[in-house]
Protein chains: 2
Amino acid sequence: MVDNKLIDVTFKKYGLRKTSFRKNLFELFHNSLNSLSAKEISLRFSTSADKVSIYRALDSFEKSGLIHKVPDKNNLLRYSLCKSECTPNQHAHDHAHFLCSVCDETFCLDDFTLPSTKSHNGFLINDLKIIMEGTCVSCKSI
Amino acid sequence: MVDNKLIDVTFKKYGLRKTSFRKNLFELFHNSLNSLSAKEISLRFSTSADKVSIYRALDSFEKSGLIHKVPDKNNLLRYSLCKSECTPNQHAHDHAHFLCSVCDETFCLDDFTLPSTKSHNGFLINDLKIIMEGTCVSCKSI
DNA sequence: ATATTAAACGCAACAAAATTGCGTTATAAA
DNA sequence: TTTATAACGCAATTTTGTTGCGTTTAATAT
Ligand SMILES: [Mn+2]
Ligand SMILES: [Mn+2]
Ligand SMILES: [Zn+2]
Ligand SMILES: [Zn+2]
């Protein structure tokens, strides 16, 4: 459960309307350790949520800076909560993503240091992403 | 145009059958600086190629070690030619990819040093990819 | 050269993921 | 309370990729 105060503050900050569906969706992201796809979101809702509403909410959350796209092993749209620094104007995702070959989940590795190079052989680098594949902590111990 | 000798050598090396379609597909990859999606491939063929053949050829090329998947902004299947060291048993893609925001081309930056970390916080890392976005050399000077 | 074998092809059907259109409902602000 | 508009929900559609199956083609053996 997420307390109402946090929802108020968050939705205010990101300029989002507090509909019951979007509040539930935010809770889902907040309580979930790793990223979510539209299908996973759908499955976790007791009251069946319309997929169009899911996609549109995800899109809106992303534009606002609340969530960001993460890579997915099967090329699905998949999202994770942003750090609190993100806004519609500044999505700063300075962390690596890890795709588990076993469970197919995507994890954000917040403390993996990225190369900070801003140019290379004349190429101007505005954004640098790292995508790792391997075995995640839980799958390793099975 | 790609000389027949190269096709012979390449197809032999990767254990691929020399069908006219697959020879053309190889030429396409060989003559193209950037990566290719199924749709882009389809559009560049004069004689309309069946999409199933395209997907199956891409799959077969990938398994053989001739091409490898490249991340795509719109979650499409997208491929690039491998370095000549690749085989079905050893796909070694130890280079970064650069996507130019201006001209949309993909460049392989062979000499960009990748982090060599093999594990992080209990996650076992088998493969690490770097995708950069920015402005390429030619677009910078326009 | 010819026969044999298996991969590749082409077409239709299918499936999953995501998008669009539109009338209705709920929210925020006046 | 009224009003403007964002969000919702349902149907239809598009896009991307897959599966099945009979036919063709290429590599190999004879
Ligand atoms: Mn992330
Ligand atoms: Mn490459
Ligand atoms: Zn896992
Ligand atoms: Zn460019």
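This is a predicted model: local features need pLDDT of at least 70, side-chain atom pairs count only at pLDDT 80 or more; totals for chains, interfaces and linings use all residues.

1. In what order do the 3 strands of the open sheet in chain B stand? The order is β1-β3-β2, and the pairing is antiparallel. Strands here are DSSP runs of E of at least two residues and helices are runs of H or I of at least four residues, both numbered from the N terminus; two strands pair if DSSP finds at least two bridges between them. At the edges of this sheet stand β1 (36–37) and β2 (67–69) of chain B, each with a single partner strand, so one side of each is left without a neighbour in the sheet. Between β1(B) and strand β3 (residues 78–81) of chain B there are 2 bridges in the antiparallel sense, and B:Ser37 is placed opposite B:Arg78 of β3(B).

2. Residues are numbered from 1 along each chain as its sequence is written, chains are lettered from A and ligands numbered from 1 in the order in which they are written, and side-chain values use heavy atoms, with hydrogens and water left out.

3. Confidence in chain A can be summarised briefly. The mean pLDDT (the predictor's confidence in each residue, from 0 to 100) is 90 for chain A, and 99% of the residues score at least 70.

4. Chain A contains 5 helices and 7 strands. Along the sequence they follow the pattern α-α-β-α-α-β-β-β-β-β-β-α. The C-alpha atoms of this chain fill a box of roughly 50 × 40 × 25 Å along the principal axes.

5. Chain A also has an open sheet of 3 strands, in the order β1-β3-β2 and with antiparallel pairing. Its edges are β1 (36–37) and β2 (67–69) of chain A; each has a single partner strand, so one side of each is left without a neighbour in the sheet. β2(A) pairs with strand β3 (residues 78–81) of chain A over 3 bridges in the antiparallel sense, where A:Lys69 faces A:Tyr79 of β3(A) as its opposite residue.

6. A salt bridge (a side-chain nitrogen of Lys or Arg within 4 Å of a carboxyl oxygen of Asp or Glu) links A:Glu40 with A:Arg78, with the closest N and O atoms 2.9 Å apart. Because A:Glu40 lies in helix α3 (residues 38–44) of chain A and A:Arg78 in strand β3 of chain A, the pair ties together parts that are 38 residues apart in sequence. Over all chains, the count of salt bridges comes to 14.

7. Within chain B, strand β7 has partners of both senses. Strand β4 (residues 96–100) of chain B runs parallel to β7(B) and is joined to it by 4 bridges; B:Cys100 stands opposite B:Gly134 there. Strand β6 (residues 119–120) of chain B runs antiparallel to β7(B), with 2 bridges, and B:His120 has B:Phe123 as its bridge partner. The hairpin of β6(B) and β7(B) has 2 residues between the strands, and in it B:Asn121 takes a positive phi near 50°.

8. What joins strand β7 (residues 123–135) of chain A to β7(B)? The two run antiparallel and are joined by 11 bridges. Among the residues involved, A:Met132 stands opposite B:Leu128, and A:Thr135 has B:Leu124 as its bridge partner.

9. At the interface, 29 residues of chain A and 30 residues of chain B are in contact (heavy atoms within 4.5 Å). The buried area (the accessible area, with a 1.4 Å probe, that two parts lose on being put together, summed over both) is about 2700 Å², and carbon and sulfur atoms give 61% of it. Across the interface the rule finds 2 salt bridges; A:Glu133 and B:Lys129 meet in a salt bridge through their side chains (3.7 Å, N to O). On the side of chain B that touches chain A, the elements giving two or more residues are β5 (106–109), β7 (123–135) and α5 (137–140) of chain B, and β7(B) gives the most, with 13 residues.
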